[in-house]
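Dear colleague,

Please find the structure that I am handing over to you below.

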Amino acid sequence: ISYSPYHYLKNHQKDFDLLHFHEWHGPGYFSVMAKKQGLAFENIQIITTIHCPSFFFMHGNYGYLTTYTNLASDYLEKEQVAHSDIVISPSRFMLQWVQGRGWKLPKATFVQQNILDR
């Protein structure tokens with residue numbers, strides 16, 4: 001799920017000044033890696049919002065690592081977050097949770113709570 005968005009965005013990068021991905025299963029992985037390697041997106045900011053990483057979901061639902069896909073998703077999510085220009089999370093708890101499991105966060109990491117309509 002990461003290569004298709006990368007391919008499209010690379011071919012249309014002149015149309016964007018910002019790319020915003022969620023972290024779940026790493027849909028922005030190839031895009032952030034291409035930027036890191038100088039292959040694309042030089043003048044585009046890449047933001048990742050951390051909502052619910054795969055391992056967080058599995059942990060909360062008492063799930064187990066049963067397939068290679070679980071490990072691949074975890075890797076893609078961690079690397080996408082680590083190499084994003086900006087990371088946003090709706091809670092400090094989630095940032096602390098991922099850091100407690102070895103995730104690296106960029107300096108530009110922020111908490112922005114979800115907007116609630118009252």
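The notes below set out what was found.

This is a predicted model, in which local features need pLDDT of at least 70 and side-chain atom pairs count only at pLDDT 80 or more, while totals for chains, interfaces and linings use all residues. Residues are numbered from 1 along each chain as its sequence is written, and side-chain values use heavy atoms, with hydrogens and water left out.

Nonpolar cores

A nonpolar core is here a set of buried Ala, Val, Leu, Ile, Met, Phe, Trp, Tyr and Cys residues joined through side-chain atoms within 4.5 Å. Buried means under 20% relative accessible area, exposed over 50%, and partly exposed in between (1.4 Å probe, protein chains only). The largest such core has 12 residues: Y6, L9, L19, F21, Y29, V32, M33, A34, A40, F41, I44 and I46. At least two of its residues come from each of α1 (3-11), β1 and α2, and α2 gives the most, with four. Helices (H or I, at least four residues) and strands (E, at least two) are DSSP runs, numbered from the N terminus. Another core, of eight residues, lies apart from this one and includes I50, V87, W97 and V98.

F41 is found in the loop between α2 and β2 (45-49). F41 has a positive phi of about 65 degrees although it is not a glycine, and it is buried, at a relative accessible area of 1%.

Helix packing

α1 and α2 pack with their axes 7 Å apart and at an angle of about 50 degrees. Axes are lines fitted to C-alpha atoms, for helices over the stretch in contact, and angles run from 0 to 180 degrees between N-to-C directions. The two helices α1 and α2 are therefore oblique to each other; angles under 35 degrees count as roughly parallel, over 145 as roughly antiparallel, 65 to 115 as roughly perpendicular and the rest as oblique. Y3, Y6 and L9 in α1 meet F30, S31 and A34 in α2.

P27 is buried, with a relative accessible area of 10%, whereas H25 is partly exposed at 24%. Phi of H25 is near 70 degrees, a positive value in a residue other than glycine.

Charged residues

Two salt bridges (a side-chain nitrogen of Lys or Arg within 4 Å of a carboxyl oxygen of Asp or Glu) are found in a search of the whole structure. In one, D85 pairs with K35, the closest N and O atoms being 2.5 Å apart. This pair links distant parts of the chain, with D85 in the loop between α4 and β3 (86-89) and K35 in helix α2, 50 residues apart. D74 forms a salt bridge with K78, at 3.2 Å between the closest N and O atoms; both lie in helix α4, four residues apart, about one turn of the helix. D74 counts as buried at 8% relative accessibility, and K78 as partly exposed at 27%.

E77 lies in helix α4 (residues 68-82). E77 is buried yet has no salt bridge, and the nearest side chain of opposite charge, K78, is 8.6 Å away. For charge, Lys and Arg count as positive and Asp and Glu as negative, while His and the chain ends are not counted.

Yours sincerely

Notes
Contact = heavy atoms within 4.5 Å.
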